[in-house]
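Colleague: I'm new to this one and would like a close look at a single part, the place where two chains meet. Could you walk me through it?

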Amino acid sequence: MFEIVEKVRLAHSVALFRLKAPAIASKRKAGQFIMLRLNEYGERIPLTIVDSDPEQGTITLISQEMGKTTSMLGALDKGASILDVVGPLGKPTHVENFGTAVCIGGGIGTAPVYPITAALKNAGNKVLSVIGARTKGLLILEDEMRKVSDELFVTTDDGSYKHHGFVTQILQNLIEEQTKINVVFAIGPLSMMRAVCNLTRQHGLPTIVSLNPIMVDGTGMCGSCRVTVGGKNMFACVDGPEFNGHEVDFDELIRRNRSYFKEEKMAMEELTYHEGPRCYER
Amino acid sequence: MLREVTLKPLADKSARMKIPRQDMPEQDPLERITNFREVPFGYTEELAMKEATRCLQCKDPQCVAGCPVNINIPWFVRLVAEGKFIEAAWKIRETNLLPAVCGRVCRQEDQCEKFCIRGKKGKAVAIGALERFVADYEREKGDVPIPEIPAWTGKKVAVVGSGPAGLTAAGDLVKRGHRVTIFEALHVPGGVLMYGIPEFRLPKKIVKAEIEYLKRMGVEFEFNAVIGKLFTVDDLFAEGYDAVFIGTGAGLPIFMNIPGENLVGVYSSNEYLTRVNLMRAYRFPEYDTPVLRGRKVIVVGGGNTALDASRTARRLCYEDVTVVYRRSREEMPARREEIKHAEEEGVKFLFLTAPTRYLGDREGRLVRAELVRMELSGPDESGRRRPLPAAGSEFQIDADIVIVAVGNLINPIIPLSSPDIRVNRCGNIIVEPSTEKTSKKGVFAGGDIVRGGATVILAMGDGRRAAYNIHEYLTDNKG
């Protein structure tokens, strides 16, 4: 059992959890993830490790309530426990002093981009960051990102806060202003990462993305998370989750991530119908 | 633990010869494809005694030599014939820690039963069914005594992976007085016994009971522990373990690299079976993990895993299930019993056929498979005739689920994190066959991580041999 020692609601439907997981906390590196299972009936879902505190033996996760499992997770409070947490999984981010790095986080993608941004800053990079959300209420980690960035741009799709528009427009501006950029890290909805990659490909800017396919075991055993990268089949859980964004077949991944669309909807309806969104105990 | 048993004189040989092989009663095929309950019901006491009486009690029993863990078969069978079922169970437990599992999933027809003298003219004694009966009887009577555990030797052993190899190694090491912790990547113990083999062939409560027995013997478990990620093998030594056994299996699914393999609806057998067996997707939405149901299912492959997947799909899909195999029926590596069960359940077979590509709709969901006829030419390196596609023989059939069951490679997590453990070109860990020693001092390995895709009982044999040699290593080299 993994106890929740802190919970902070960051936005409507987005919460941060600090979990007691000492072994993972001491091993984890930026870019890695865990798989969790809430209870005996639960599914296994991947979540990026946003931060860790080896001294306190905790790891930080951020989750957006999208389907049944994330809704049940969102209903858990400090003091509650999660049945299974396994990690750290996946390859760590390759961090070095590239020169200037642009770190882009879209929506909940800001959570996984944050530890990478911090690691890049730490390695001596000049870091320009762009974070965006649909609306102001969904924006997360603004202060945290500002602390680890030389410059931070914030966008909202609806113009409710800061720049009105998409993260790609900021990137476009940076490129047009002839800003020296050595590498781009982009994490967010697949359509956002695809748009970023389409832009950076034209300008020959190396771009790393972190993918979030459906996973079952997270250790390379099942192949559920396979993605086509550079024409080759890769398993995001062991070969990734980060890949050269210019080689990723995003359209295929978008379709694969909708595999269980009907089942996910059914599970969600059942959850809200029976006991409301707080029925995590069975 | 064995009390003295007095055996009665054997019945007249010619009378014993007259008894035909007793089949286990089974669930009716039409009934069983509507549920996940076990297919055979197992022997009654009367049937077991009758079957056991068929054994001729050979002076030089070949069946024992055919058993990878050398169970004293005539001895336990004779106890069954006399109705001494608990004593029979103890006899088996002397050499086999997982009798209820082996009685169900061992390939007896290629091992003990293959060498049975009664099989020369007629049918072999049903050793597997008897083993299963005895183990079930013992479990249901509820009083399974554990063997005497010697005082702690002061040595600790880490076992990586809780499948058949790891469980056997752990049990044997604990019996020799070492402390053993099994590190398991998943959230439950059992490895392939839990995620791979379906409930209707190996009920999970039976696996749990066998593991409970090991826990009572003192074996400790750490779940959610991926060695190579959470701890490396060197970390384990640093933590105070004196030896490490690696039994992490063959868990990296092979795809065929043909067009359309990433369409929604194409699964590896590992994923399909893991969703259904480990995550219980057949009980969705009670359990949260879904699996696609589908109307028409194609399973690619001819091994036991393909058959397990096809029989699972038969219970979950709405129309029909077809196994597509590139060679002919004679070359299928699956057990005859499994093929028979699949056929009874209405699984169809297309032999000498292989997929060439999969076709999807605009949403990227599988709708059809293109297959090609194969012709057999001269034998290949495995001694089987090599199948080659017959030009121009392509045809298409409807399918909304494809399950690819063409084998597994080695999961590279441990070798990548411990480069000093030598592997061959396929990624299998290289060991000295007689000792299971790897190239790294104090590290042993066995089961599918060494063999590639093999069987439960061979993995158990490796675990046993490794345990013996780990014991030697701990007591001689460093004692």
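Colleague: How many residues of chain B are in contact with chain A, and how many residues of chain A do they touch?

Modeller: Before the count, a word on what you're looking at: this is a predicted model, where local features need pLDDT of at least 70, side-chain atom pairs count only at pLDDT 80 or more, and totals for chains, interfaces and linings use all residues. Residues are numbered from 1 along each chain as its sequence is written, chains are lettered from A and ligands numbered from 1 in the order in which they are written, and side-chain values use heavy atoms, with hydrogens and water left out.

Now the count: 42 residues of chain B are in contact with 47 residues of chain A, contact meaning heavy atoms within 4.5 Å. Together the two chains bury about 3700 Å², which is the accessible area (1.4 Å probe) that two parts lose on being put together, summed over both. Carbon and sulfur atoms give 55% of that area. On the chain B side, three residues stand out: Lys229(B), Asn262(B) and Asp288(B) supply 20% of the area that chain B buries against chain A, more than any other three residues.

Which elements of chain B face chain A? β5 (252–253), β6 (266–268) and α13 (269–278) of chain B each supply at least two residues of the touching side, and α13(B) gives the most, with 4 residues. Helices (H or I, at least four residues) and strands (E, at least two) are DSSP runs, numbered from the N terminus.

By class, that side of chain B has 21 nonpolar, 11 polar and 10 charged residues. Ala, Val, Leu, Ile, Met, Phe, Trp, Tyr, Cys and Pro count as nonpolar, Asp, Glu, Lys and Arg as charged, and the others, Gly among them, as polar.
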